[in-house]
Amino acid sequence: MKKDDNHIEFLKELPKQQPFKVPEAYFETFEERLQQRIQQQAGKSKPKIIQMLRPVLWLAAGFVLVFLLVHYPLKMFFPGSSSDLGLAETETSISNEWLYDDNLYNMISEDMSADTIDNEVVVDFLSAELSEYEIYSEMYN
Amino acid sequence: MLQKLIRIAIDNTNMHDDQQIIEGLKSESSRNQAFGLLVSKYKERLYWHIRKIVISHDDADDALQNTFIKVWNSIDGFREESEIYTWLYRIATNEAITLLNQQKKRSMLDAGDTSEHLLQAIHSDTYFDGDEIQTRLQQAIAVLPEKQRLVFNMKYFDEMKYQDMSGILDTSVGALKASYHHAVKKIEEYLKSEE
């Protein structure tokens with residue numbers, strides 16, 4: 001207890017006055033500066049659509065640039081090869097899709113004409129050739 | 001006795017004002033005006049509270065603005081269970097400590113190096129004009145652990161009641177008294193070792 005009193009006595013020797021000062025008219029102009037910051041923050045919190053899309057636009061521009069950098073040199077050194085090949089592949093895949101649909105249609109038509117639709121054949125065909133999503137979209141279209 | 005009565009009367013007036021401010025903040029039509037009153041009433045008190053934590057004026061200014069911005073953004077979240085005074089001091093204390101931690105991260109200092117940052121601020125801040133004993137006292141406070149530093153500043157300089165401090169720092173009165181006791185002891189040792 002006596003030791004505590006010594007501490008208190010020791011504190012009395014210490015200065016209570018604070019050694020800090022502020023710039024002139026700091027407190028008088030504080031509200032004004034605070035208002036400006038609140039307004040700035042309010043402006044920042046509602047970004048414009050163009051600002052929100054900026055990263056996406058940069059990414060898209062990057063893809064276009066890469067495409068152009070690859071496409072034109074290829075076209076220059078191998079004229080007609082790359083683009084024709086791409087088109088041919090696309091056409092093949094499209095015709096394959098049509099082929100699948102035609103097959104199914106023909107098969108069903110034949111079976112219909114024979115008046116004997118075998119459910120198992122249809123289910124087998126659908127599960128082998130179409131995804132669940134495609135079956136679902138066919139059913140509801 | 002008279003002084004005590006005057007203090008009680010002042011406290012009651014302040015509480016009455018705070019109640020008016022809270023009522024004003026609740027309504028959208030009077031919110032701006034009430035917020036203006038709140039800032040005007042508490043800016044200096046909160047500034048000095050923050051300044052003692054962060055030492056540098058620029059940091060104190062930043063933390064004070066952050067405090068009021070946080071208050072403005074979370075007015076709806078204020079629960080009247082605590083006094084507005086306690087709520088404001090709690091936000092201000094958190095903002096000051098957050099700022100110190102951010103600076104510590106930026107300057108790649110270790111976790112315990114807040115003291116080093118504060119000691120640097122005492123020497124480099126343009127708006128520090130303490131004499132020799134004031135500077136040494138601030139240095140002694142700067143090397144205290146965070147909680148003891150806060151408690152010492154609030155008790156010694158602001159003469160805040162332990163009960164109020166307890167609401168702000170979310171610490172029991174007993175623990176606060178112990179922190180203050182340890183802080184005083186360490187400051188005494190520091191100053192004696194410097195002599």
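Colleague: How many salt bridges does the structure hold over all chains?
Modeller: This is a predicted model, and side-chain atom pairs count only at pLDDT 80 or more. Side chains of opposite charge can pair when their charged atoms come close. Over all chains, the number of salt bridges is ten.

Colleague: Which residue of chain B forms a salt bridge with A:K16?
Modeller: A:K16 sits in the loop between helix 1 and helix 2 of chain A, and the pair crosses to the loop between helix 7 and helix 8 (162-169) of chain B. The closest N and O atoms are 2.9 Å apart, and the cut-off is 4 Å. The partner is B:E159.

Colleague: How far apart are the closest N and O atoms of A:R33 and B:D61?
Modeller: Between chain A and chain B the count is three salt bridges. A:R33 and B:D61 form a salt bridge. Their closest N and O atoms lie at a distance of 3.3 Å.

Colleague: Which helix supplies the largest share of the side of chain A that touches chain B?
Modeller: There are 14 residue pairs in polar contact between chain A and chain B, with both residues at pLDDT 80 or more. On the side of chain A that touches chain B, helix 1 (2-12) and helix 2 (30-45) each supply at least two residues. The largest share is seven residues, and it comes from helix 2 of chain A.

Colleague: How many residues of the side of chain A that touches chain B are nonpolar?
Modeller: The contact takes 23 residues from chain A and 39 residues from chain B. On the chain A side, four residues are polar and six are charged. The nonpolar residues there number 13.

Colleague: Which three residues supply more of the area that chain A buries against chain B than any other three?
Modeller: The area buried between chain A and chain B is about 3,200 Å², and carbon and sulfur atoms give 66% of that. Of the part that chain A buries, 21% comes from the three residues in question. They are A:P19, A:F20 and A:F27.

Colleague: Which helix gives the most to the lining of the largest cavity?
Modeller: A search of the whole structure finds one cavity of 30 Å³ or more, and the largest cavity holds about 30 Å³ of space. Its lining includes B:K52, B:L118 and B:R149, and divides into four nonpolar, two polar and two charged residues. Helix 6 (132-142) and helix 7 (146-157) of chain B each give two or more residues to this lining. With three residues, the one that gives the most is helix 6 of chain B.

Terms used:
Residues numbered from 1 in each chain as written. Chains lettered and ligands numbered in written order. Predicted model: local features only at pLDDT ≥ 70, side-chain atom pairs only at ≥ 80, totals over all residues. Heavy atoms only, no water. Contact = heavy atoms within 4.5 Å. Buried area = accessible area lost by both parts, 1.4 Å probe. Salt bridge = Lys/Arg side-chain N within 4 Å of Asp/Glu carboxyl O. Polar contact = N/O pair within 3.5 Å; in protein donor to acceptor, adjacent residues only side chain to side chain. Helix = DSSP H or I, 4+ residues; strand = E, 2+ residues; numbered from the N terminus. Nonpolar A, V, L, I, M, F, W, Y, C, P; charged D, E, K, R; others polar. 1 Å grid on protein atoms, 1.4 Å probe; cavity = no way out; pocket = protein on both sides within 12 Å on 5 of 7 lines; lining within 4 Å. Points joined across faces, edges and corners; volume = space filled by probe spheres on them.
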